[in-house]
Amino acid sequence: MSWLEAIVLGIVQGLTEFLPVSSSGHLRITSAIFFEEDAGASFTAVTQLGTEAAVLLYFAKDIWRISRTWVVGIWDKSVRPSLDYRMGWYVIVGSIPIGILGFLFKDQIRGVARNLYVVAIVLIAFAFVLAFAEYWGRKHRTLEHFKMRDGVVMGFAQALALIPGVSRSGATLTAGLFLNLSREAAARYSFLLAIPAVVMSGVFSLPDVFDTSGEGLIPSPAQMVVATVLAFAVGYAAIAWLLRFVAHHTLYVFVLYRVALGSLVLVLLTTGTISAT
């Protein structure tokens with residue numbers, strides 16, 4: 001891997017991880033258009049540690065409060081009705097689907113799912129699902145109204161993001177809107193829900209990213225560190241921007257962007273400008 005590719009992909013990861021446009025899809029597309037070779041699923045997973053570090057920092061007070069209350073609530077029944085205690089369980093239970101499915105379909109995720117025809121079609125298809133959720137959802141429920149059912153549904157939605165092009169935040173936001181959550185409530189739970197899955201995925205992918213017998217380009221340890229730090233810095237700014245944006249705007253701009261990008265990739269593929277694999 002060249003230094004230019006490591007830097008560019010780190011920035012792309014930070015910009016797109018929290019937007020409903022698919023960071024893994026963007027890394028795959030950016031690699032194909034500008035660098036000709038796929039950086040690989042392991043590289044994507046490890047750079048996501050940077051963006052999740054941004055989540056941990058941005059929501060540090062919330063995460064500490066929820067974690068502390070959850071631990072206390074295991075022994076003290078009086079705190080169990082609180083939202084923080086319940087949120088701890090919502091995040092734990094919501095993380096189970098992606099953990100199981102990610103383990104079962106690891107090879108497919110690293111292989112056939114990264115075909116650019118799949119990425120482009122999924123970008124477009126899920127754009128229309130997001131548009132329908134934005135139009136149909138009533139958006140009147142806050143996190144105070146959050147139930148275990150919501151956590152389970154959004155957990156399964158997050159698992160769809162194992163397919164590049166779906167978008168983890170896009171899938172969970174879409175599910176939240178279908179559940180009539182406000183955009184901001186859905187986004188906040190989405191950020192919290194991502195922490196266990198993304199951190200575990202990144203940690204388990206660390207050995208693979210430097211494995212010369214595996215798929216994808218091989219970055220040096222220094223390149224991997226720089227890409228991850230860039231993802232952290234850009235991702236931190238993206239969190240703040242997205243929370244402000246969803247509080248006052250619809251998600252239709254992301255729908256249009258997904259359709260445009262997916263269509264562009266299909267044109268480049270059919271004209272032979274880029275390769276699907």
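Helices are DSSP runs of at least four residues, numbered from the N terminus. This convention applies throughout the tour of this predicted model.

**Stop 1: two loops**

Select Asn180, which is placed in the loop between helix H9 (168-178) and H10. Asn180 has a positive phi of about 70 degrees, although it is not a glycine. Is Asn180 buried or exposed? Its relative accessible area is 14%, and buried means under 20%, so Asn180 counts as buried.

Next, select Lys139, in the loop between H7 and helix H8 (148-159). Lys139 is likewise not a glycine and has a positive phi, of about 60 degrees. With a relative accessible area of 22%, Lys139 is partly exposed.

**Stop 2: the annotated spans**

Now colour the residues that UniProt, in an unreviewed entry, places under the feature "transmembrane region": 87-105, 117-136, 156-179, 191-210, 222-243 and 255-276. Two of these spans may be examined in turn. Residues 191-210 are 95% helix and 0% strand, and their end C-alpha atoms lie 28 Å apart. For residues 255-276, the end C-alpha atoms lie 23 Å apart, and the span is 73% helix and 0% strand.

**Stop 3: the nonpolar cores**

Select Met87, Met154, Tyr189, Phe191, Ile239 and Phe254. Among the 45 residues of the largest nonpolar core, these touch the most other members. Helix H10 (residues 183-209) provides the largest share of this core, with eight residues. A second, separate core has 12 residues, including Ala32, Leu116, Leu269 and Ala276.

Return to Met154 and display its surroundings. Which residues does Met154 touch, not counting those up to four places away in sequence? They are Phe146, Thr172, Ala175, Gly176, Leu179, Leu181, Ala186, Tyr189 and Leu193.

**Stop 4: Ala120**

Select Ala120 in helix H7 (residues 116-136). Its relative accessible area is 0%, so Ala120 is buried. Leaving aside neighbours within four places in sequence, Ala120 is in contact with Gly262, Val265 and Leu266.

**Stop 5: a nonpolar surface patch**

Finally, show the surface and select Ile96, Ile100, Phe103, Leu104 and Phe105. Together these residues make a nonpolar surface patch of about 560 Å². Phe103 is found in helix H5 (residues 83-104). Why does Phe103 count as exposed? Exposed means over 50% relative accessible area, and Phe103 counts as exposed because its relative accessibility is 70%.

Terms used: Residues numbered from 1 in each chain as written. Predicted model: local features only at pLDDT ≥ 70, side-chain atom pairs only at ≥ 80, totals over all residues. Heavy atoms only, no water. UniProt positions renumbered as here; feature names shortened; annotations may be inferred. Patch = residues over 30% accessible without salt bridge, like charges linked within 9 Å, V, L, I, M, F, W, Y side chains within 5 Å. Areas by Shrake-Rupley, 256 points an atom, 1.4 Å probe, with all protein chains shown as cover. Salt bridge = Lys/Arg side-chain N within 4 Å of Asp/Glu carboxyl O. Buried < 20%, exposed > 50% of the residue type's maximum accessible area, 1.4 Å probe, protein only. Contact = heavy atoms within 4.5 Å. Core = buried A, V, L, I, M, F, W, Y, C linked by side-chain atoms within 4.5 Å.
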